[in-house]
Amino acid sequence: MSTYRVLIADDSAHAREAVNEILSGDASFEVVGLATSGEEAVAMTESLMPDLILMDIQMQGIGGLEATRQIKLRYPYVKIVIITVSDDASHLFEALKQGAQGYLLKNLSPSTWIEYLHAIMSDEAPLSRELATQILREFPLAAKSPEHHETLTNREREILNWVASGLTNKEIAAELHISDQTVKNHLKNILQKLHLENRVQLTRYAIEKGLVGRKPGLFTKLWKE
């Protein structure tokens with residue numbers, strides 16, 4: 001079983017303790033550092049080289065967004081999850097633009113945290129409806145000039161559509177009547193062909209290039225209340 005080295009960055013001692021307590025319930029996560037500011041998070045990333053950073057979006061100094069930008073610029077391998085008390089899609093979308101892989105609300109249950117973080121580390125965490133909608137708004141004209149990517153097979157294009165609509169690997173497997181592992185293998189091929197690293201980048205790329213929304217009912221999951 002893989003063990004992930006985690007850096008927690010939050011200017012609240014109570015929040016750092018609470019997050020640490022959540023992660024202590026799963027042996028897959030080892031907390032290697034506690035940062036109290038964005039500047040500390042950047043410095044500790046260099047010294048500790050964590051696999052995952054849980055970053056508070058609002059901190060003293062440069063704050064979580066700027067810290068995320070600096071860290072991803074220097075250490076693109078590291079996965080960053082924003083932790084916040086607000087699910088304001090505009091703020092969270094800014095975090096994704098700076099390179100974060102996802103976000104967690106502080107009031108979610110510990111089991112939800114653990115499940116989501118495992119999905120993040122295996123590149124299986126879907127985008128929420130709100131964030132997918134924000135991406136659509138960011139690129140409103142993209143669909144008018146679609147590009148064709150001949151390196152993708154028909155099945156890979158189909159899976160790309162479902163990923164961009166926010167489905168998990170398990171949900172995609174059920175839709176296509178294939179195994180979870182087959183979906184994972186297709187995703188690895190898609191990411192390699194498009195020179196991308198994760199689902200966030202894949203979703204943004206697909207929408208920007210007009211490669212989604214070609215199947216009837218594709219965005220049902222995104223838009224249903």
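The model described here is a predicted one, and its secondary structure comes to 11 helices and 5 strands.

**Helix 1**

- The residues of helix 1 that are buried are Ala-15, Arg-16, Val-19, Ile-22 and Leu-23. Seen down the axis of helix 1, these buried residues fall within an arc of 125 degrees, so they line one face of the helix.
- His-14, Glu-17 and Glu-21 lie on the other side of helix 1, where they are exposed.

- The 5 strands form an open sheet in the order 2-1-3-4-5, and their pairing is parallel. Strand 2 and strand 5 stand at the edges with a single partner strand each, so one side of each has no neighbour in the sheet. From one strand to the next, the twist averages 25 degrees.
- Strand 1 pairs with strand 2 in the parallel sense over 6 bridges, and within this pairing Ala-9 has Ala-35 of strand 2 as its bridge partner.
- Strand 1 is also joined to strand 3 by 4 bridges, again with the two strands running parallel, and here Leu-7 stands opposite Ile-53 of strand 3.
- On the pairing between strand 3 and strand 4 there are 5 bridges, in the parallel sense, and Ile-53 has Ile-80 of strand 4 as its bridge partner.

**Strand 3**

**Asp-56**

- Asp-56 lies in strand 3, and an unreviewed UniProt entry lists Asp-56 under "modified residue: 4-aspartylphosphate".
- The relative accessible area of Asp-56 is 6%, and because buried means under 20%, Asp-56 counts as buried.
- If its neighbours within four places in sequence are left aside, Asp-56 is in contact with Ala-9, Asp-10, Asp-11, Gly-64, Ile-83 and Lys-106.

**Helix 5**

- Helix 5 covers residues 110–121, and at 1.5 Å a residue its 12 residues should span 16 Å; the C-alpha atoms at its ends are 17 Å apart, which agrees.
- Trp-113, Ile-114, Tyr-116, Leu-117, Ala-119, Ile-120 and Met-121 are the buried residues of helix 5, and the elements that they pack against are strand 1, helix 1, strand 2, strand 3, strand 4 and strand 5.
- Just after helix 5 comes Asp-123, which takes a positive phi of about 55 degrees.

**Residues in loops**

- Gln-98 lies in the loop between helix 4 and strand 5, and with a relative accessibility of 26% Gln-98 counts as partly exposed.
- Although Gln-98 and Ile-71 are 27 residues apart in sequence, their C-alpha atoms are 9.4 Å apart in space. Apart from its neighbours within four places in sequence, Gln-98 is in contact with Leu-65, Thr-68, Arg-69 and Lys-72.
- Met-49, in the loop between helix 2 and strand 3, is not a glycine and yet has a positive phi of about 50 degrees; at 39% relative accessibility, Met-49 counts as partly exposed.
- His-177, in the loop between helix 8 and helix 9, is likewise not a glycine and has a positive phi of about 60 degrees. The relative accessible area of His-177 is 71%, and His-177 is therefore exposed.

Technical notes:
Residues numbered from 1 in each chain as written. Predicted model: local features only at pLDDT ≥ 70, side-chain atom pairs only at ≥ 80, totals over all residues. Heavy atoms only, no water. Expected span 1.5 Å × (residues − 1). Buried < 20%, exposed > 50% of the residue type's maximum accessible area, 1.4 Å probe, protein only. Contact = heavy atoms within 4.5 Å. UniProt positions renumbered as here; feature names shortened; annotations may be inferred. Pairing = 2+ DSSP bridges. Axes fitted to C-alpha atoms, helices over the stretch in contact; angles between N-to-C directions. Arc of directions from axis to C-beta.
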